Protein chains: 2
Amino acid sequence: MTERLDIVGIGNAIVDVIAPVNDGFLAENGVAKGVMTLIDRARATELYAAMPAAREISGGSGANTIAGAAALNCRTGFIGKVRDDQLGRIFAHDIRAGGVTYAGPFAPEDADEETARSLILVSPDGERSMNTYLGISTALHAGDIDEALLERADWLYLEGYLFDTPEAKEAYARAIAAVRRGGGKVALTCSDPFCIDRHRADFRRLIADEVDLLFANRDEALSLIETDSLEIALGMLSREVAIAAVTLSGDGAVILRGKTRTEVPAQAVDVVDSTGAGDLFAAGFMAPG
Amino acid sequence: MTERLDIVGIGNAIVDVIAPVNDGFLAENGVAKGVMTLIDRARATELYAAMPAAREISGGSGANTIAGAAALNCRTGFIGKVRDDQLGRIFAHDIRAGGVTYAGPFAPEDADEETARSLILVSPDGERSMNTYLGISTALHAGDIDEALLERADWLYLEGYLFDTPEAKEAYARAIAAVRRGGGKVALTCSDPFCIDRHRADFRRLIADEVDLLFANRDEALSLIETDSLEIALGMLSREVAIAAVTLSGDGAVILRGKTRTEVPAQAVDVVDSTGAGDLFAAGFMAPG
């Protein structure tokens, strides 16, 4: 049990429910195209009833990053709450099958909320509209944090999406303390500009006080610093965090380490599907050389 | 409620759990390649734990045929037993989303057996090895048959796979009586040579007494008649059933109507995946012109 782990992630444990639709379906059902919208259980039931036959695949942003890191031969762990129901067991199976150490937590099968799912509607142009019912996954609290696992981690990888409730913020604080005790460092992904809008002050404080490595895309960087200027955002971030990796989609990425700025050009590829590109960028970035 | 339906199917209600493996995995885990093997719950748990991350898609042979017929604009219904659990609700959603009238039956959530699933291992050469835990789906009994639905059907489509227990045989008898009362006819698909081996006398009796339209592939036709000669098998079938459609994979199909034999050549196509080809052949055959 003293073996070190490269990365332990904490995030929402979600099963994706994916179906193709045309844009008329999005309009008729009031779905915002191309973004992630949080929905409650009633809306999830209504939208699911309207959508076509689907396929289920384990997902979640942080979980995807950790699974990606495991595929790159990192030793990994993941903490994300499911219910002990069929979808929760599917999530647990899938992430473990990739070699990730996963121990839940599992809420009992009679818990009120079910395992989280994201209804993902794929348009003919390939854009994905995500409608996420977080269910039991937001009930992660400090007592759920496996401190012994985190003490073994070189990196803790935190998902911004989950940083949305007082309980989750406490859980993150407990996790950070554990990883620090073990000599590890802290990475955070911003996840979503709307999430940052809701909790900007807490995000800024977390980044300034605790984060060694920050992942953001252009919109998230601008939202975090509340500016329209990418230059201003990059300048601020370089002062607030040891390393910031800012992805600029087709324009590649900028890596900031104090006063050093490295620009990484994008490779020219035919993009089939950009879903999860940010999640896997983080996996590749953190994987030991 | 007096509207007629083109086809109502009865079969196993199954969620497919699909993952890629190499042939070494099949050998190590004792999986017979390229065929369907029935497995019990303990084996399902063991094999699932060993297999990679998977995707879940609603399946089942008869259900696929009915969904295919619905996609061809047939008015359709389906009867197949699930448990009222998350996988059962996924099955119900998916088949209804295709426009099929589906009313379960649903066993209560605390029933001992879960909704059926088939662990499908896809080899690099595209072959699929199916390991099916039938769970609650085999508990379909005569009392589960929605006779009012069947009285509206022009065709009843019976799946051979399900014809495996005394209860299911009784359920089929009740379904046949209902569809006859409404003036409908009876189609049967043989499904699987092993299934025929187990119940050959009952299959022969059902075909001779009740079936208007029989679907079989070459192996099933040979098994049914207990011969190595396709000619002998076709001759016998043409005397036992009003219409027999025998598929011969790359060699097309033979349609027998009494003394009339029609040979349908196969279209030359690049076969990517032959899974469900038989299921969809039946759908296309039964769809009204």
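**Reading a paired strand**

Modeller: Start with a pairing: strand 13 of chain B and strand 14 (residues 243-247) of chain B run in the parallel sense, joined over five bridges. Keep in mind that this is a predicted model.

Colleague: Which residue stands opposite L214(B) in strand 14 of chain B?

Modeller: A244(B) is the residue opposite L214(B).

Colleague: How many bridges join strand 12 of chain B to strand 13 of chain B?

Modeller: Three bridges link strand 12 (residues 185-189) to strand 13 in chain B, and these two run parallel. Here A187(B) is set opposite L213(B) of strand 13.

Colleague: How do I read the two faces of a strand?

Modeller: In a regular strand, side chains alternate between the two faces of the sheet. For strand 13 of chain B, L213(B), F215(B) and N217(B) lie on one side, with L214(B) and A216(B) on the other.

Colleague: What radius of gyration does chain A have?

Modeller: A compact globule of 289 residues would have a radius of gyration near 19 Å; chain A has 18 Å, which agrees. Of its residues, 46% count as buried.

Colleague: How many helices and strands does chain A have?

Modeller: Chain A has 11 helices and 16 strands. Among its contacts between residues at least 6 apart in sequence, 76% join residues at least 24 apart.

Methods: Residues numbered from 1 in each chain as written. Chains lettered and ligands numbered in written order. Predicted model: local features only at pLDDT ≥ 70, side-chain atom pairs only at ≥ 80, totals over all residues. Helix = DSSP H or I, 4+ residues; strand = E, 2+ residues; numbered from the N terminus. Rg over C-alpha atoms; globule rule 2.2 N^0.38 Å. Buried ≥ 20, exposed ≤ 12 C-beta atoms within 10 Å, placed from the backbone. Contact = placed C-beta atoms within 7 Å. Pairing = 2+ DSSP bridges.
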